[in-house]
Amino acid sequence: MAKQVYNKFKTNEKFKLVNEYNKEILKDWKLQLESEGKSETTIKVYMHNVKVLFVYILEELDNKPISELKKKQFRNYILWLKEKGLGSERIKNLKSASSSMLNFACEDEDYEDDIGVNYISKLKPIAKESRREIVFLTNEQVEIIYNELMARKNYRDALLVAISYESLARRNEIFQLKKDWIRLDSNMTTNKVIGKRGKKFPIFYFDKSKEAYKKYMETRDDDNEDLWVDKNGKSISYENLYDRIVECRKILEDKTGEYLPFGNHSFRHSGANSYKRGEHWAMKGKEFSLDELQALMNHSSIETTQSYLPCADTEIILGAFGINNENN
């Protein structure tokens, strides 16, 4: 089964240094969750989320017992999470797990005298982020990025760009790939990744992915089975796949003079749009139907697939007035 990714915080090693009082509360809460019949997966997520708080206390609050913390310290913890770049939904989940644990402590006879108030529950709700505008890249812009990465012999990142744009896979799905799942005599991974709602499917790829993969493998002399590794052959993180794409923004800006704040998901949107318009480098001239895109993107509904494409209203209006879109 694919490794599940929770977030950027590596807690296991640091957790060994956490205050014993805090560890004990977490241990007892885990037993309570087990007695309530919570699933193993749910408990694992809860444990990880609370460990993030305890590691924060270790590093930022002198490893104090959680019983000594007041509302201000918990509020600073939320601000710290925001500074780390976490989204509102992720912060809400981290906050919720810690709040549930503190509710348990407030009601448990072993801790109720120490922890009488769940301060984290008294913080203001996490404001929901406004939906970010999707940045669409043209086929030409993606080629500029890919060609420059190949010229720099940065074959790993060239592969990341190519397979993201060709397969339309999500970052989490691409992160699951192993290096022996790609074959130069095929267009489909030998193994399946796990997508949303547990759906399993192969990843499709084409000539530019194969070209970058071949060069990338020629530079690898490690025994790591993961596809995505650093120069020392060590596995890179899920978050690092985002960092790799963010660095590509500078390439496009240097080559075109235009800065675009695209991310990993932009290649899913951009690739879908290029396939729909018959402009994608993998299938030049072939215009995909919505049904075909739905299947490739593993969407449960055609409406979701439609939402990945840019609104065509502007083009329709320009066409109605006979205005050349190239000049507008």
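This report looks at aromatic pairs and a charged surface patch in the structure above. Please keep in mind that the model is predicted.

**Aromatic pairs**

Let's begin with the rings. Searching the whole structure turns up eleven aromatic pairs. A pair of aromatic rings is described by the distance of the centres and the angle of the planes. Two of the pairs are set out here.

| Pair | Centre to centre | Angle between planes | Class |
|---|---|---|---|
| W29 and Y46 | 5.4 Å | 35 degrees | tilted |
| Y146 and W281 | 5.7 Å | 55 degrees | tilted |

What does the pair of W29 and Y46 tie together? W29 belongs to helix α2 (residues 20–35) and Y46 to helix α3 (residues 40–60), so the contact links parts that are 17 residues apart in sequence. W29 counts as buried because its relative accessibility is 3%, while Y46, at 24%, counts as partly exposed.

**A negative patch**

Now to the surface, where a patch of negative charge brings together E24, E109, D110, E112, D113 and D114. One of its members, E112, is found in the loop between α5 (88–107) and α6 (139–151). Is E112 buried or partly exposed? With 37% relative accessibility, E112 counts as partly exposed.

How values were computed:
Residues numbered from 1 in each chain as written. Predicted model: local features only at pLDDT ≥ 70, side-chain atom pairs only at ≥ 80, totals over all residues. Heavy atoms only, no water. Patch = residues over 30% accessible without salt bridge, like charges linked within 9 Å, V, L, I, M, F, W, Y side chains within 5 Å. Areas by Shrake-Rupley, 256 points an atom, 1.4 Å probe, with all protein chains shown as cover. Salt bridge = Lys/Arg side-chain N within 4 Å of Asp/Glu carboxyl O. Lys, Arg positive; Asp, Glu negative; His and termini not counted. Charge placed at Lys NZ, Arg CZ, Asp CG, Glu CD. Helix = DSSP H or I, 4+ residues; strand = E, 2+ residues; numbered from the N terminus. Buried < 20%, exposed > 50% of the residue type's maximum accessible area, 1.4 Å probe, protein only. Phe/Tyr/Trp six-rings, centres within 6.5 Å; stacked < 30°, edge-to-face > 60°.
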